[in-house]
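These are my notebook entries on a structure that I am meeting for the first time. I wrote down what I looked up, one topic after another.

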Amino acid sequence: MNILICDDESLLLELYESELSQIEACQIFTAADGLEGLEILTNNEIDILLTDGKMPRMDGIKLVNEASRKGVLPRHVYLITGYHGEYKDEELKEMGIQKIIDKPVDFDWLINFVTKLD
Amino acid sequence: MSFFSFDTSDFMPHGHCILWREEILYPMVISDIIIFLSYSAIPFALFYFINKRPDLSPRVKRMIFLFCIFIQACGFTHLVTASNYWRSDYQLELILKVITALVSFITAVVAAMNIKELISLPSPEQYNQKNQELIRLNESLEEEVKKRTQDLEDQRAYLESILSGVQDGIIEFHPIKNDTGEIIDLNSKFINEQVEVQLASGARSLNERDSLLSQLPETKNRGVFEIIKTVFETGKTHVLDPDHSIELGKYYRSVFSKNPTRESVFVFFSDVTDREENKLQVINNSRLSALGELAGGIAHEINSPLQIIDGSLRQVRRSIEKPSEDQNRYLDIIKDTVKKIAKITQNLRRLSHGDLNSVQETEVVQFLSEIIDITSEKLKSRGVTLKQHFLNQSATIIKTNKVALSQIIINLINNALDELDQKEGEKVIGVSFFVTESHYVIEVSDNGGGVPTDNIDKIFNPLFTTKEVGKGSGLGLSLSSRLATSMGARVFLVQNDFTRFQVLFPKEEQ
């Protein structure tokens, strides 16, 4: 299972990678912004996308929209964000984001959540 | 022998002079008698004339009177002349002739002296002419009066049609002055029916004719009285918009204008309370949305670092093989603190989204707990004990607008806090949720001084405040009340051992 994590906080990326790599048989990709993320999505078969909202160069919402336009949007898309004020939950769901996860996320919960996805 | 006392009885009667010739004697005698009778009748005619002409001047009257004596004297002279054909009473004839001569002389002199006035006496033709002229003048005057009356009638109808279209209430103020001529009060006269309409929805009304200051003392405090006085003195129109009357509980747009024809001032006023409250609402909404944006920004900025702390904490735990008791305790403290901060940012975030027009299903107790979390530090720092009463209601869900409701509750708590700041001894704020037969009730109570009876009617009025200058905007309770109304609820005050502000949600609207 291939997981792509996008976040502009490099420390956070490191922690996500460390935590999620405990899950068996999964490969973790990381990107510091939407543009990097889009490139990885284009060149790899990603199953799960976990992306931050606010990022430089290309934000999480734009990343989802672009990936969707290029037909490379993964089956599972989650927005992990500290604040998504300007978008309503329904709008985000229409874009293909299945769930909004509020930061700070509990890592045990996240590992458990991702493990259950197929 | 004096002049008039001679005896003529032995003289010859006058008949001898004409040799008693009957053809001369009788015509002479008859003519004299006719002259006497005629001369005697003339004074009667003249007296009648004077009587009927009260307009104659006394001088003319006197002259006519002289003429009467003169002509009567002439008459008597003729009578005596006639009798002296047979008798010889020449003494009487002499006396009469002398009298006649005197009177006729005086009459002639007086007539000469008054000839001008006599000439000016109008003739009947002249009278007629004048009369006709007068009649014509009278007719044209009547015509003119009729025309003017019609003009006035038209003017009145014109003004009335304008007045009927005016939506403003119009009151005319008449000054009441003291001995030195200074204006000390105002009398009011209601000019149109709109006065009642515009005042109708206010907290109370005005009475016509009564002293304005005794009815609305605030007129003086707010400077309106001074404005009216200035308009009196300068004649310049003054517009006051908004003109906020706390005592009437309304905002008005008032135009003060001096009456050009009388010593009075008109005030044209209309109720603009809705416009003003909407303005306040817009200000508050934009304040809320600015607050929301800020809260959202803070939440975002804090949550990512918080995530790093949390993640790092896990790494630390994993890297320590056998943590000591202290290490474990401190790691737990870090974890708990992270959770606490996360909860605060979560609440902030909740405050920031959502608009004021939608309603959401709200778990009331959970919701109230979140608000209490936000304010609890503030309460603690000001020495206030918070008591929560949510008896068995943890599962109750009601429809509210969360942003509006949180504004109301935070506002009520802040009001209670301000009130308790003035209190010595134990300070308690209670937040409760309970259900009555007809309502869901959220209550914020405090054991402060309460609301004075005089102010109970006014506390929900916009801009009413008892807080010290600069502290209260006076918007709190008014806006709370409006926010509550917008979601079908209302804010209500109950005072007993505690001051209790209740937000009542009718069950049937849920």
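**Salt bridges**

I began with a pair in chain A, where the side chains of A:Asp47 and A:Arg75 meet in a salt bridge with 3.7 Å from N to O; the term stands for a side-chain nitrogen of Lys or Arg within 4 Å of a carboxyl oxygen of Asp or Glu. A:Asp47 sits in the loop between helix 2 (34–43) and strand 3 (48–51) of chain A and A:Arg75 in the loop between helix 3 (60–70) and strand 4 (76–81), so the pair ties together parts that are 28 residues apart in sequence. Helices (H or I, at least four residues) and strands (E, at least two) are DSSP runs, numbered from the N terminus.

I noted that this is a predicted model, in which local features need pLDDT of at least 70 and side-chain atom pairs count only at pLDDT 80 or more, while totals for chains, interfaces and linings use all residues. Residues are numbered from 1 along each chain as its sequence is written, chains are lettered from A and ligands numbered from 1 in the order in which they are written, and side-chain values use heavy atoms, with hydrogens and water left out.

I then looked up the accessibility of the two partners: A:Asp47 counts as partly exposed at 21% relative accessibility, and A:Arg75 is partly exposed with a relative accessible area of 47%. Buried means under 20% relative accessible area, exposed over 50%, and partly exposed in between (1.4 Å probe, protein chains only).

My search of the whole structure finds 31 salt bridges over all chains.

**Backbone**

A:Ala25 has a positive phi of about 50° although it is not a glycine; A:Ala25 is exposed, with a relative accessible area of 70%.

**Chain B as a whole**

I counted 14 helices and 12 strands in chain B, and of its 510 residues 39% count as buried. One buried residue is B:Gln194, with a relative accessible area of 17%, and B:Gln194 lies in helix 6 (residues 194–200). Leaving aside its neighbours within four places in sequence, B:Gln194 is in contact (heavy atoms within 4.5 Å) with B:Val166, B:Gln167, B:Asp168 and B:Gly169.
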